[in-house]
Each structure stands twice: as structure tokens, then as C-alpha cells.
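Here is a short report for a first look at this protein. Please keep the sequence and the structure in view while reading.

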Amino acid sequence: CDPSNTPNRRMDNTAEPNRGMVASAPDEVDFGAIMELMTSKYTVDLVDRHVAAIRKLCKVCCNGFLLRHLEPLVELLYLSVDRFAKGQDLAQALCDFTRVASQPFVSCKTSDMITYGHHLPAFVKGIVSVLTYTLPPTEGPPVEPEAKAQWEHKKNMSERLRIEVAHTLACWARFGLDEDSVELLPNQPLIQAVADSGTPNLRILRQSNVMDAVSASFRSEDSPESIVITLGAIRDMSLYRPLACQITNCGLISNLVHVIRVNLLGSDVLLVAAEVLWNVLELDWDGATEALGQEEVIESFRDFMHAVLTRGYRFKDKIFRNDMMVLLMYISKRVENRSLFASTGLMTLLLSYAVSEKRRKDLQASGDLENNLKSKVLPDLDDAPKKGGIPIINTQEDMEFRTLLWGTLARCCSSEDCAKVAVQCGLVPSLLECLDPEPPVEQQKWSQEQRRKIQLEALSALFQLVQYIPEAFMEAEGNSTVLQLLQATRSREVQKKCLHLLQVAVRMGKAFAEKLGQIGAVGTLVELFTDKDNPMTSRQMCASILATMCKECPANAREFRKKDGVEAMRDEVIYRPGETTDNHLFYSLCVVDCIWNAVIGTRKNEIRFLDAGGLFALLDCLEVAPMILKRQIIGTLADLMEYKKAAKLFTQWNSQVTMKGALRLLLELWQSEQEAAGNLAPDGVIKDLDQPLNPRPARHDEDAESTVTSASRLAGKFRHAKNFADTLGGQSVGGQSTGSANRTTVTKGFERASASAQEHQGSQWLTNGFERDCRAKIYAVLKCIGFECQETLSILERQQMELVKLYPNAVELEMWIKVQESLASRGIKPVSADRQWIEDSVTERKDQAAWVQSIQRQLAVERQREEEAGLDRFYKDLRGRAQIQRMTPSIGYPASQHGPSEDSDEWNPSDVDSP
């Protein structure tokens, strides 16, 4: 926690060398005498002697103060600052004191830092307090020569003192910012460790609240040297998240923007100011984006970009241009800020460099670009069309700028005002030109790798634009362009980006699906899907796009059949995650979804699917799939069973593993759903007649005697909810998709949450699990095939079958009870006829549930009798076997003449007859 103007300087190095000269001399300092000199009534006015005493102290301690002297140093410092504020000329003494304070403190003992370190925040606060009394003068110099000389002297000394304080803060902030001084976790970057934990010095600066004083002084600073040094200190302090928040809260951001404006294209100071803004936006995004989301600030950024895009020829200017785009990217992430891009003219300015050169010339010729810019009163407007700006070519800096520019503009188009400007300037057609096989003129001499990178960035921007302005994408023939690129490219990355874009585009409306079908996208996607050399993620996206295209679009479904898509999907109805390192679960989900949308509902597709053995493949997959995939398959089967041929084939299926029929498989799934809902007793009987399907959750404020039981039951529900989330998110063997990553994040959040938060989150997971159960789908399937079957059902399965038959009435009963409770909770009293109708409906369905419950109890009694009879037969068989073993002699051990002996098993040779 000791400051130093040299980053590699260490505290031990300042304490060890020349211990006799450096460490022993400060011990002889008599702070009592200095304080008596400054406070005695006889010497209180002897300012020259006070200055001499302080400067002598600084000369003795020129290599750093002792930690053991911190307490008297703080007292002396505060007294000197107070005298300086009252008009005494202690500026030179404070300069020397501050200069020594920039050196590391010297430890005489290892425990000095622990013993005296708590005085350091007060010490730093005292040094920074000098800035309040050294602000630049607001009035001009007096006319009288003597007074003017005094004014100049005071002004120069105040400036020198501000520079020394800024230098001291820079030394404190810089010290310890290296990998040797910061404790790093495994694989943790240095900047991340500093942002999270900081350094000892940065933590001291946060405790001393220096940022308010620094901000007040920096706001009125006019010394270039002081500005540069202070910016360096602020840059290092902005690396620590709490200090970054203080920079935002004290209003320093607007001063940094002003510094950039004053030094625009003039010096390297603006690069440091841009770096500070970058750090603050990364570490305090909420506060910084709100502070920067002002019209005046966005106008300043507009002026910055206009100047650097028209006059920034130097390499440093391009670096500054890219830094400004990074800041605009962060600012645009806040939704409220995006409309300001259009109202200030910044959107139009950026679009003029985002579109192709040909389109930009057309906009300038038509006058649209100039009119939009004039409406915003940009500086140097008359020269902008003549100069045409600096061309954006294929250098590394320009490629980076183009990437940042397209991403920022695409994000801003979520605002309606920005979207209008983007459509008017032709942003979407310009991006699509980058995807054409024949590139624009300015890109014809680019390398293949540069073309590939620019295509990836254009596809990323179009991914957002197609969601915000789909009409512009459709008018520019975006579907045809992307499909042509998908067919021609050999790059896996470009192929994946194209599929991502088509995946979101096809969901923008039925017109997109029809257009894609007309240009032959179905055949292309089926061909990509059947090519096993393509990655599984790409094939998964092909299945997802085909599913959306064929949904409620008979023409695409017919084309899907003609291109042998039915057979291709049937071959992939399989769940074997162990055979691949990819995420097979989500691949299977997309395949089943494609079958549900592209096959089911079109009779000819269903016939071909059944002839190819698709139904049996679905049932085979249903037996081994995880729950999320089972629910998808059950939904597909429920719609497929509307075809009578499929219903007949359903009853013919038998498991190749357990030889179970399809009906028994569905009943097992029904039972698992009932157990998850918690409405089955151990004997398989319904627990709650009012809620046969979804019982009410257990209350947390039961009797005091059931506290332990309730807690254990609640913990069981939490475990069930967590296991349910793990099942959804952890089925994949290889890489995770976005959905699985989100579920993993939710699970980790559950583990880190408090007890009350876990209780709330667990109840939400349980509720969501009930709402997504597949009992309605199971009932739909069994209703189509009939509840009577040729299979022999167990008693437990017969119990569940009775409840399956009751399913519609059970749902109606729960809905009627919810209506009753809702009316009661809102204090609404229905008329007598309605009340009677509700009560009769509830009573009728309760009687039906009670009748099913009685049947289940009878079956439970029958099951218990069979188990008891089986157990009796088992014990009887054991007793019979034991009796036979006692009566039958063992081979080689003949029975004794006196009968078998229970006390000895030894063999007596005399008992054996001789030959």
C-alpha cells in the first residue's frame, strides 16, 4: 500500500539499503518540537521558520517517511493545510511534503504496516485536501505591479502544488499494478483481478474518498502538465471497480468528454481520456451509460467522429476513432440511449461511412445525406461533402472500425427513429453487397481471409437488422443473397452464420418462409442436413429452419417430401448421446420438432413416414430419451395418432429391450408425472379428491410440531427441482447450446442463493414442471388408440389407467375449484343460479373422482393380497427346501447310525461298512 512513481519499486528495497543513513535519521526527528513551533503563541506567526522546519523534515526523510511516524505526520499535515487555507505561504513546504509522500513508506519492523497502516487513508485525504485551496484563479491579475507579482507567484505555486499532488496520486495508484504484486487466481487475467480486488493502494484511495476532490479540481484545471498527470492517476484508479463507480458518481465523466473536445486531434491526452471512459463503462456500465446518455454528450461524440473521419489521417487518429466506436458501442447497449443517436445526427454520420462507396455517392448526389446532416448543424459541414471523408480500406484498424461500426448501428436500429434513418441510407442493401459472389469495387482486391471476415461481420449485423427492420431485408432480396452464400461457401463459420441468420429470418413472418421455399431453400437445407460431414450444430439448425418453414405452409411441406426430407428425418430419430461429443439432446429435439411440423399434418408425408418405420423409431427413442425429449415425442405422437393407420401400428410395437408394449410405456410415463406432482399415495391411490392431478402445495406455516417434517419435505422438493434443472441442462455430452448454458447458470444461481431465495426459486421450478407435464398428451394418444388393449397390465398400471380415463373430468374439477377460490378471494358472490351450477358441477366431478379412487383402493387391496400370497409361497418354499436339506445326507458324509447329530459335523470312519 505504499506509493511509488516506479511500478517495479518494492517496499523492502527502500527499507534495506543504507539503513544507517536512511532509516536511522528519521528517528531523530522531534515532531513535538515542530508542533510546538507551529502552535506556540510566541512563534505561531513565524511562517518562515515553519516552512524551514517542514522542509528540513522532508530533507531528512527524502527517501520516504517512516510508517511509525504516520500519526504525527497526519497531525502536522492537517495543521499545515489549515494554515495554508488561512493565507500563510506554506506552498513550498507542502510541495516538498507531497513530493516525499509519493515515495514508499519505510518499515522498521515487519509489523509496522499492521500497527500504523490504519492512518494511511487520513494521510491521503489530507494531501488531497490541498486541491481545494489551490484552484486556478477565476479573476484576472491586478494592475499594480507589486500586486500583480504576488498574484503571479501565488498562481505559479498553486499550480506547482496541484502538479505535486497529482503526481503523488499517480504514484499511489500505479504502485502494485503488476503480476508480482497482485494475487491471481488460476487462469485469471491481471486486469480482472485488479477490477475485483484492487491493490492495497487502490483500496486505501477508495477509503479516503479522494475522487470528489480530484473531480472538483480537474473540472477547473488549466495547466496542461497537471491535466496529463491527473489523467494518468485517474486511468489507474479506474481499473478498480469501486473507484470506477466513484468516477461516475462524482460527475467526472462529463469533464473527460470536455478534455477530449479541447484536445481533439491535438495530443495523446485524448487517448488517455478515452481509456478512462472505456474502463468506467466496463466496470460501472449502468451508471456510466446513464451519465453518458445525455444529448449534449452524444452531440460531443458526433463532433469527435466527424472530425476524426474527415481529418484523422494519422495512425493515432485511427486508434482514437476506434476507441470512440468502442465507447459508442457500450453506450448503445442501453436501450434508452439509442434514440439519441438519431436525434443528434450521429446515426446519419455513422451510416455515411457504413454503407458502400457507391451508395454513399448516390446519397450525396440525391442530397439526402447532406440534408440530414444540415438538420443537425454539424461543424465544418460545407467541407464534408467536398472532402468525401477518409476512405475506409482493408487495413487492420479499418477492419476493426468497420466491425464496431456495423455492430453499433445494427443494435441502434431497435429504436424506431434509428431504423428509419438506416432504411433511408440503405444499410441493409450495403451489407448484403458484401455477401455477393461478386464483391463491390472497393473489395475486389481484398484477400480471401479478409473477404471471409467481412462476410462474418456483415452476417452478424444482419442477424440483428432482420429482427428490427424485416421489411428492408425482404425488399433487398436478403433471403436469396444469404441462400446463395450458403450454397457457395466452403467456410464452416460462414455456413453457421448463414444458418443462424436464416433461423431468425424465417420466424419473422409467413412471407419469409414462402419466399425461402420459392427460391429452393428446402432442397438446400435437406442436402446440408443429410451430409454427415457437416457439424451436428449446423445440421441441427437445418432441422430447425425446415421445421419453421414447413409449419402451416403446405407448399414447403410438399417440397420437403419431394426432396426426401421425410426419410432423412426418420433416419435421425435416434438418441445415442454416447456416440458423439456434440449436444445430441438438442439435435434430437430439433429433429422431432421438424417431424412434428414438416410431416405431421400432411397426409402424404405421414404415410411415407409410417412406411419408413418412423412411428416405431419414435417409440424406440421415447423409451430411452430424457424427460424433455419424451414430452416432445409424446406431443408428436398425439397428433400422429389422428391418422387411423398410425393408431393401428401403435398397438403393434414392442420394446426390443424389455418387450413392453407402447401402452405400458405411456402408463409408466403417466405414473412418473403423477409422482412428480406428488398426488399418489404409496399404494397408488389418489391423495386429494379436490385436486386429482395437481395437488395444492404444502403450507409453510403448519403446526409447530411438523416443522422438521416440513423442512425435510421442502428440501426434497428443492432437490427434485434442482435435479430437474440438471436433467434439462446436463444431458449433453459435448458442447452446450445457449439453452443448456442458461440452465447451467440458473442452477449455479440456485446453489449460491439464500435459503428464502432457494425456496422461492424451487417453488417456481416445481410449478413450471407441473405446467409442462405431458399427461394431456398421453390422454390424447390413448383416446385415439382406445383404452382397452390386448396387453396384460399390472395392478399398478390398471390403477393409473382408471385415472387416465378420468383426466378430462379431473381437469374440469380443478378448474371449477379454482373459479370458486378466485371468486371467494375477490369477495364476489355469484347469483344463486350460478352458485348452484358451480356446486353441482364440482359435486358431480368429485363423485367421479371418488369412484375412481374406490376402484384404485380395490386394486390396491388386490395387489396387497397378491403380494402377501406371493410372500407366503416364498417362505413356504424356503421352509420346504430347508427340510429337504436336513433329511438328505451330504455326499461323502453318510448319516450316523444314531441319526444326524446337531452338535457335531465330524465324520466317523467306523460308521462306514467295510467291503
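Which side chains meet in a salt bridge with an N to O distance of 3.2 Å, one of them being Arg539? The side chains are those of Arg539 and Glu572. This pair links distant parts of the chain, 33 residues apart. Arg539 sits in helix 34 (residues 536-550). Glu572 sits in the loop between helix 36 (565-571) and helix 37. Arg539 is buried, at 6% relative accessible area. Glu572 is buried too, at 11%.

## The overall picture

The model is predicted. The protein has 915 residues, and 48% of them count as buried. Its secondary structure comprises 49 helices and zero strands.

The exposed surface comes to about 46100 Å². Carbon and sulfur atoms supply 50% of that area. Now take the contacts between residues at least 6 apart in sequence: 76% of them join residues at least 24 apart.

Helix 6 spans residues 91-101 and is mostly covered. Nine of its 11 residues are buried. Among them are Leu94, Cys95, Asp96, Phe97 and Val100. The buried residues pack against helix 4 (47-60), helix 5 (70-85), helix 8 (120-128) and helix 9 (145-174).

Arg99 is partly exposed, with a relative accessible area of 36%. Arg99 forms a salt bridge with Glu164, and the closest N and O atoms are 3.2 Å apart. Arg99 belongs to helix 6 and Glu164 to helix 9, so the pair ties together parts that are 65 residues apart in sequence. Glu164 counts as buried, at 8% relative accessibility.

## Salt bridges

The structure holds 37 salt bridges. Another of them joins the side chains of Asp196 and Arg241, at 3.0 Å from N to O. Asp196 lies in helix 10 (residues 190-197) and Arg241 in helix 14 (residues 241-249), so this bridge ties together parts that are 45 residues apart in sequence. Asp196 is partly exposed, at 40% relative accessible area. Arg241 is partly exposed as well, at 30%.

Return to the pair Arg539 and Glu572: both are buried, at 6% for Arg539 and 11% for Glu572. Elsewhere, salt bridges with shared partners join Arg55, Asp96, Arg99, Arg160 and Glu164 into one network.

## A buried loop residue

Is Val599 buried or exposed? Val599 is buried, because its relative accessibility is 0% and the cut-off is under 20%. Val599 is found in the loop between helix 37 (584-598) and helix 38 (603-611).

Leave aside the neighbours within four places in sequence. Val599 is then in contact with Phe560, Val566, Cys594, Asn605, Glu606 and Phe609.

## Cysteines

Cys58 is buried, at 4% relative accessibility. Cys250 also counts as buried, at 15%.

## A nonpolar surface patch

Leu871, Phe874, Tyr875 and Leu878 form a nonpolar patch on the surface. Together they have about 380 Å² of accessible area. Phe874 is found in helix 49 (residues 832-887). Phe874 is partly exposed, with a relative accessible area of 46%.

Notes:
Residues numbered from 1 in each chain as written. Predicted model: local features only at pLDDT ≥ 70, side-chain atom pairs only at ≥ 80, totals over all residues. Heavy atoms only, no water. Buried < 20%, exposed > 50% of the residue type's maximum accessible area, 1.4 Å probe, protein only. Patch = residues over 30% accessible without salt bridge, like charges linked within 9 Å, V, L, I, M, F, W, Y side chains within 5 Å. Areas by Shrake-Rupley, 256 points an atom, 1.4 Å probe, with all protein chains shown as cover. Salt bridge = Lys/Arg side-chain N within 4 Å of Asp/Glu carboxyl O. Helix = DSSP H or I, 4+ residues; strand = E, 2+ residues; numbered from the N terminus. Contact = heavy atoms within 4.5 Å.
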